[in-house]
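My entries follow in the order in which I checked them.

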Amino acid sequence: MDPHLRLATRDDVDALMGLRILMFEAMGTPPAALESPEWRDAARTWFERRISTEDTRILVVEEGGEVVASGLAEVLATIPAPSMPRGRSGFVSNVATLPHARGRGLARAVMTELVRWLDEETDADRIDLAATTEGAPLYRSLGFDAAAFPTMRRPKPVSVT
């Protein structure tokens with residue numbers, strides 16, 4: 001059966017969670033962190049609430065009744081800047097493909113549709129994403145380039161009681 005790209009539904013939340021975990025594994029997230037019920041419960045709730053909102057597009061590729069790939073885009077609001085005169089940016093994440101379905105252009109199909117949606121149907125001034133080494137060639141082929149100022153991160157300190 002041919003793969004079918006479609007909008008995600010609430011019935012896809014389990015598959016989206018599995019693909020999100022797969023994405024974090026590819027990013028080198030420690031296995032113990034992936035087991036935390038706190039983030040898992042919060043992510044599941046996020047998917048359930050955002051699955052069909054105006055500023056979020058969540059796509060899946062289904063093949064033979066199995067969700068084998070996914071990706072999502074959000075339109076985020078921030079203060080306007082020269083590169084974002086409306087203060088609206090697109091952010092792509094959760095792009096993942098199950099190992100047995102890789103190498104067939106499914107992530108490209110997801111990305112192409114997410115970029116089209118952000119470019120043609122939203123007011124996003126630019127599109128940002130975080131790329132793994134494996135994903136970077138795909139993103140470059142779609143016009144993405146490394147930003148002049150890389151993202152830096154500081155986790156919230158854990159309080160000790």
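**Helices against the sheet**

I began with α1 and found that this helix lies across β2, β3 and β4, running at about 90° to β4. For α4, residues 106-121, I noted that the helix packs on the sheet and touches β1, β2, β3, β4 and β5, its direction making about 25° with that of β3. I keep in mind throughout that this is a predicted model.

**The sheet itself**

I then traced the strands and found 5 of them forming an open sheet in the order β1-β2-β3-β4-β5, with mixed pairing. The edge strands are β1 (4-7) and β5 (126-129), each of which pairs on one side only. Neighbouring strands of this sheet are turned by 25° against each other on average, with direction ignored. Looking at β4 and β5, I saw that these strands run parallel and are joined by 4 bridges; I also noted that S89 stands opposite R126 in β5.

**Back to α1**

I returned to α1, which covers residues 13-26, and recorded 14 residues and a reach of 20 Å from the first C-alpha to the last, close to the 20 Å expected at 1.5 Å a residue. Which residues of α1 are buried? I listed V13, L16, M17, L19, I21, L22, M23 and F24. Last, I checked the backbone just after α1, where G28 takes a positive phi of about 85°.

Notes: Residues are numbered from 1 along each chain as its sequence is written. This is a predicted model: local features need pLDDT of at least 70, side-chain atom pairs count only at pLDDT 80 or more; totals for chains, interfaces and linings use all residues. Side-chain values use heavy atoms; hydrogens and water are left out. Helices (H or I, at least four residues) and strands (E, at least two) are DSSP runs, numbered from the N terminus. The expected span of a helix is 1.5 Å times one less than its number of residues. Buried means under 20% relative accessible area, exposed over 50%, partly exposed in between (1.4 Å probe, protein chains only). Two strands pair if DSSP finds at least two bridges between them. Axes are lines fitted to C-alpha atoms, for helices over the stretch in contact, and angles run from 0 to 180 degrees between N-to-C directions. Contact means heavy atoms within 4.5 Å.
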